[in-house]
Amino acid sequence: RSHHPVAEMLDLPFLPFCVLLGGLGFVCVAFVSAWCQHWRGGFALDGSAQTFNWHPVLMVTGMVVLYGAAALVYRLPSTWSGPKLPWKVLHGALALAAFGLAVLGLAAVFRFHNDHGTPNMYSLHSWLGLATVLLFSCQVGAAPDPPHAPAPCLPHLPSLQWLAGFSAFLLPWAPAWLRALYKPVHVFFGSTILMLSVASCVSGINEKLFFSLKNGTTEYKRLPAEAVFANTLGLLILLFGVLVLGALARPSWKRPDADSPDSCQVPAPLR
């Protein structure tokens, strides 16, 4: 099968791309941490403005970087043969870590708002962010509802969703039809949640700059150094999300779907 020369030049192997993306994710975390440390006064746990600073750091680290890493686990060529179980455990562990950081990030912002009498959940950013986390709480471990389920998944019961997902994807006796039924839903909502996470982070950065760069500081419209730095952070987060979604959509990097003896869930015995 022939390939166009331009396509061959752009056909970057996955592992170098993965290293590049990992470096970009590290830069995103470093940028948001430096922003909060240098311009926003650092970190604390006393309900002050420094408590709020945990919110952007934890959300970028969890809902963007770790979530993106979890989404790309099955693009690693080493996952294409041999037992799936270790990779499923890694995928689930990264997703759970991302969700845990997101919950802590929400706790930080609610603590700050409550201690300062600031209303909660009034901005578009807050609506979008909370909807993303609630959707993630269902996605991270959800399985299909029974045909006559009385209600959809309940975000305040994520442990039940994780239990259902564990049963559907990790247990070796889970029926193949159940995994096949839920997999397209899982993949679709996985990409959707990543897009929502990026949108939430970018809108949150913009909102924080509008709130902070006033009353004695250089106004946002004057583009002070903090605004340039934080705007750059937003672009880096956007680039990270676009690259992850591009990798997920690339056909040559997808794991073959065909079932074979070497793709079973139970690790093969050592010989």
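Reader: Is Phe189 buried, exposed or partly exposed, and what is its relative accessible area?

Author: This is a predicted model, and the values here are computed from it. Buried requires under 20% relative accessible area and exposed requires over 50%. Phe189 falls in between, so it counts as partly exposed, with a relative accessible area of 29%.

Reader: How many aromatic pairs does the whole structure hold, and what is the angle between the planes of Phe17 and Trp253?

Author: A search of the whole structure gives 11 aromatic pairs. One of them joins Phe17 and Trp253, with 5.0 Å from centre to centre. Planes under 30 degrees apart would be stacked and over 60 edge-to-face, so this pair is tilted. The angle between its planes is 45°.

Reader: Where do Phe17 and Trp253 sit, and how many residues apart are they?

Author: Phe17 belongs to helix 2 (residues 14–39), while Trp253 lies in the segment after helix 9. Both residues are buried. The pair links distant parts of the chain, and its members are 236 residues apart.

Reader: What is the geometry of the pair formed by Phe188 and Phe189?

Author: The ring centres of Phe188 and Phe189 are 5.2 Å apart, with 80° between the planes. An angle over 60 degrees is the criterion here, so the pair is edge-to-face.

Reader: Which residue lies over the face of Trp253, and which rings are linked with Trp253 into a cluster?

Author: The residue over the face of Trp253 is Arg250, at 4.6 Å from the ring centre. Ring pairs also link Trp253 into a cluster, whose other members are Phe14 and Phe17.

Reader: Is His55 buried or exposed, and with which residues is His55 in contact, leaving aside neighbours within four places in sequence?

Author: His55 is part of helix 4 (residues 54–71). Its relative accessibility is 11%, so His55 counts as buried. With neighbours within four places in sequence left aside, the contacts of His55 are Gly105, Leu106, Ala108, Val109 and His125.

Reader: What is the phi of Met121, and where is Met121 placed?

Author: Most residues other than glycine have a negative phi. Met121 is in the loop between helix 5 (85–115) and helix 6 (124–139), and is partly exposed at 29% relative accessibility. Although Met121 is not a glycine, its phi is positive, at about 60°.

Reader: What is the phi of Leu223?

Author: Leu223 is in the loop between helix 8 (176–212) and helix 9 (225–249). At 47% relative accessibility, Leu223 counts as partly exposed. Its phi is positive in a residue other than glycine, near 55°.

Methods: Residues numbered from 1 in each chain as written. Predicted model: local features only at pLDDT ≥ 70, side-chain atom pairs only at ≥ 80, totals over all residues. Heavy atoms only, no water. Helix = DSSP H or I, 4+ residues; strand = E, 2+ residues; numbered from the N terminus. Buried < 20%, exposed > 50% of the residue type's maximum accessible area, 1.4 Å probe, protein only. Contact = heavy atoms within 4.5 Å. Phe/Tyr/Trp six-rings, centres within 6.5 Å; stacked < 30°, edge-to-face > 60°. Lys NZ or Arg CZ within 6 Å of the ring centre and 35° of its normal.
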